[in-house]
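Here's a quick briefing to read with the model open beside you. Keep the viewer handy and click along as you go.

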Amino acid sequence: MDIYLSRLFYASTATEKCTPQEVDKIVFEGRQHNAALDVTGTLCFENNYFLGCLEGSRKNINIIFNKIASDDRHFEVHLLELKEVSHRYFEQYLTMFNSKDIVQHLIDQNRIHEFNPYLLSSSHLNEVFRDVTETLEIATKPPPLTKPKKGLLNLFNTSR
Ligand SMILES: Cc1cc2nc3c(=O)[nH]c(=O)nc-3n(C[C@H](O)[C@H](O)[C@H](O)COP(=O)(O)O)c2cc1C
């Protein structure tokens, strides 16, 4: 039994087969799996990069991350950080939001110039997510757990 509440960040690059429909599928299925293991977190997709955050018991985070790492819909899966934490940033399972909001927020705050998760340092990552979850209040938005109509979960390509 692993009781250590932990948080993991990873970065990866989408392959060509990772279409917007595929991303919808990943989020829909991921929510069910993560809920079953009480793993909260988020997935950000921008500039063809993924930035993921998983929070929960260290054991369950590893179960999910091992699956993610061997998924052929992305490559160069880099573990950016895994550490024990006292609380979660996210209350929901695989929270989705408009990544453009996050990226714009970070650019406005002069925290980043362009979205490239491989370039984020460990302290930067934590600063960024604390800031984003507090400021944009995305952590409190419950995602729908029922199957959406086609395309409804595809928040990534929302033009602004
Ligand atoms: C960028 C990315 C993020 C993913 N995130 C999750 C996730 O948070 N939870 C999850 O169960 N699967 C996630 N997946 C899908 C897994 O890689 C895998 O396909 C899924 O867990 C089903 O595995 P299974 O068929 O072995 O049960 C993600 C895939 C990608 C490409």
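Two residues are in contact if their C-beta atoms, placed from the backbone, lie within 7 Å. This is a predicted model, where local features need pLDDT of at least 70 and side-chain atom pairs count only at pLDDT 80 or more, while totals for chains, interfaces and linings use all residues. Residues are numbered from 1 along each chain as its sequence is written.

**Histidine 78**
- Leaving aside neighbours within four places in sequence, histidine 78 is in contact with Tyr10, Ala11 and Tyr118.
- Histidine 78 and tyrosine 10 are 68 residues apart along the chain, yet their C-alpha atoms are separated by 5.5 Å.
- You'll find histidine 78 in strand S4, residues 74-84; helices (H or I, at least four residues) and strands (E, at least two) are DSSP runs, numbered from the N terminus.
- Histidine 78 counts as exposed because it has 12 C-beta neighbours inside 10 Å. The rule is that a residue is buried if 20 or more other C-beta atoms lie within 10 Å of its own, exposed if 12 or fewer, and partly exposed in between, with C-beta atoms placed from the backbone.

**Overall fold**
- The protein has four helices and four strands, running β-α-β-β-α-β-α-α from the N terminus on.
- Buried residues make up 31% of its 160 residues.
- Take the contacts between residues at least 6 apart in sequence: 81% of them join residues at least 24 apart.

**Helix H1**
- H1 covers residues 20-36, 17 residues in total, and reaches 25 Å from its first C-alpha to its last. That's close to the 24 Å expected at 1.5 Å a residue, the expected span being 1.5 Å times one less than the number of residues.
- Val23, Ile26, Val27, Gly30 and Asn34 are the buried residues in H1, and what covers them includes strand S2 (40-46) and helix H2 (58-69).
- An α-helix has 3.6 residues a turn, so residues three or four places apart point the same way.
- After H1 comes aspartate 38, with a positive phi near 55°.

**Around the ligand**
- Of the 15 residues around the ligand, Gly30, His33, Phe50, Lys67 and Asp71 come nearest. Here, near means that a residue's C-beta atom, placed from the backbone, lies within 6 Å of the molecule.
- H1, strand S3 (49-57) and H2 each give two or more residues to this shell, and H1 supplies the largest share, four residues.
- By class, the shell has six nonpolar, six polar and three charged residues. Ala, Val, Leu, Ile, Met, Phe, Trp, Tyr, Cys and Pro count as nonpolar, Asp, Glu, Lys and Arg as charged, and the others, Gly among them, as polar.
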